[in-house]
Structure formats: structure tokens, C-alpha cells
Amino acid sequence: MPDPDKTFTLLGPEGRPYSSPLPGTFGGHRGGKLYGRLDCRAALQAIGRGGYVKHRVFFADEATAIAAGYRPCAVCMPRQYAAWKSQAPGMVFHDAQ
């Protein structure tokens, strides 16, 4: 049961923040406009190096992240990323190695 005194800031489908009694199920990076799982190896490594945190956003679900204009993470969501990439013709991608 959610704690009535605790709220979480999530991004909605229009990309604007709102308060939620439930935490997000996906995290994202505002600068890179990407989203992924909360246990993403790449995100956790970036956070461990002291980066990423000030640009971190959270979403209630994957559909909301997509509606807000974010793309899937290539590291923790490779199938979703491949599907996204195949549907974006004419765009130039620079994948992390």
C-alpha cells in the first residue's frame, strides 16, 4: 500500500512532471530522451560515476515514456530499441559501443 505522505515526480505523456503516490516503473534521461528499466546496467554505471542524476526522469509505464517522445535504451531493452530504430527511417544513429 502506498505511503500517503510520500509522492514521486513522474513525467506524463505530454512530457510534463506530475506528482504520483506510486513510483515510476521506468527511468529515463532528459538530455538523451531515452528510457529504460530501473535496473539498467548503463544507467546505474553512469549514476555511480556521479553523472546522470540531475537529468533523470521517471515514467509510470513504457507507453507513457513513448508518448512523451522518449526512445528505448539499447542496453537494457535491446529488442524494443531494435524495433524503434527500424521504424525511424532517414535518421542517423550513433550507438554506444
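# Reading the sheet, the core and the rings

Analyst: Strand β3 (residues 26–29) and strand β4 run antiparallel and are joined by four bridges. Across this pairing, histidine 29 stands opposite leucine 34 of β4. The model is predicted.

User: How do strands pair in general, and what is the strand order of the open sheet here?

Analyst: Strands of a sheet pair through backbone hydrogen bonds, and the pairing is parallel or antiparallel. In this structure an open sheet of four strands has the order β5-β3-β4-β6, and its pairing is mixed. At the edges are β5 and β6 (71–72), each of which pairs on one side only.

User: How many helices and strands does the protein have, and what pattern do they follow along the sequence?

Analyst: The protein has three helices and six strands. Along the sequence the pattern reads β-β-β-β-α-β-α-β-α.

User: Which residues touch the most other members of the largest nonpolar core?

Analyst: A nonpolar core is a set of buried residues joined through their side chains. The largest one here has 16 residues, and Tyr35, Phe59 and Tyr70 touch the most other members. At least two residues of this core come from each of β4 (34–37), α1 (41–48) and β5 (56–59).

User: Is tyrosine 35 buried or exposed?

Analyst: The cut-off for buried is under 20% relative accessible area. Tyrosine 35 counts as buried because its relative accessibility is 1%. Leaving out residues up to four places away in sequence, tyrosine 35 touches a list of residues that includes Phe26, Phe59, Tyr70, Arg71 and Met77.

User: How many aromatic pairs are there, and how is the pair of phenylalanine 26 and tyrosine 35 arranged?

Analyst: To read such a pair, look at the distance between ring centres and the angle between the planes; planes over 60 degrees apart count as edge-to-face. The structure holds three aromatic pairs. Phenylalanine 26 and tyrosine 35 form one that is edge-to-face, with 5.9 Å centre to centre and 80 degrees between the planes. Phenylalanine 26 is buried, at a relative accessible area of 15%.

User: What is the arrangement of tyrosine 81 and tryptophan 84?

Analyst: Their aromatic pair is tilted, with 35 degrees between the planes and 5.7 Å centre to centre. Tyrosine 81 and tryptophan 84 lie three residues apart in helix α3 (residues 78–86), about one turn of the helix. Tyrosine 81 counts as buried at 9% relative accessibility, whereas tryptophan 84 counts as partly exposed at 27%.

User: Which residue lies over the face of tryptophan 84?

Analyst: Arginine 71 lies over that face, at 5.7 Å from the ring centre of tryptophan 84.

User: What is arginine 37 in contact with, leaving aside its neighbours within four places in sequence?

Analyst: Arginine 37 lies in strand β4. With those neighbours left aside, arginine 37 is in contact with Phe26, Cys76 and Met77. Arginine 37 counts as partly exposed, since its relative accessibility is 38%. Glutamate 62 is 25 residues away from arginine 37 along the chain, and the C-alpha atoms of the two are separated by 9.4 Å.

Conventions: Residues numbered from 1 in each chain as written. Predicted model: local features only at pLDDT ≥ 70, side-chain atom pairs only at ≥ 80, totals over all residues. Heavy atoms only, no water. Core = buried A, V, L, I, M, F, W, Y, C linked by side-chain atoms within 4.5 Å. Buried < 20%, exposed > 50% of the residue type's maximum accessible area, 1.4 Å probe, protein only. Contact = heavy atoms within 4.5 Å. Phe/Tyr/Trp six-rings, centres within 6.5 Å; stacked < 30°, edge-to-face > 60°. Lys NZ or Arg CZ within 6 Å of the ring centre and 35° of its normal. Pairing = 2+ DSSP bridges.
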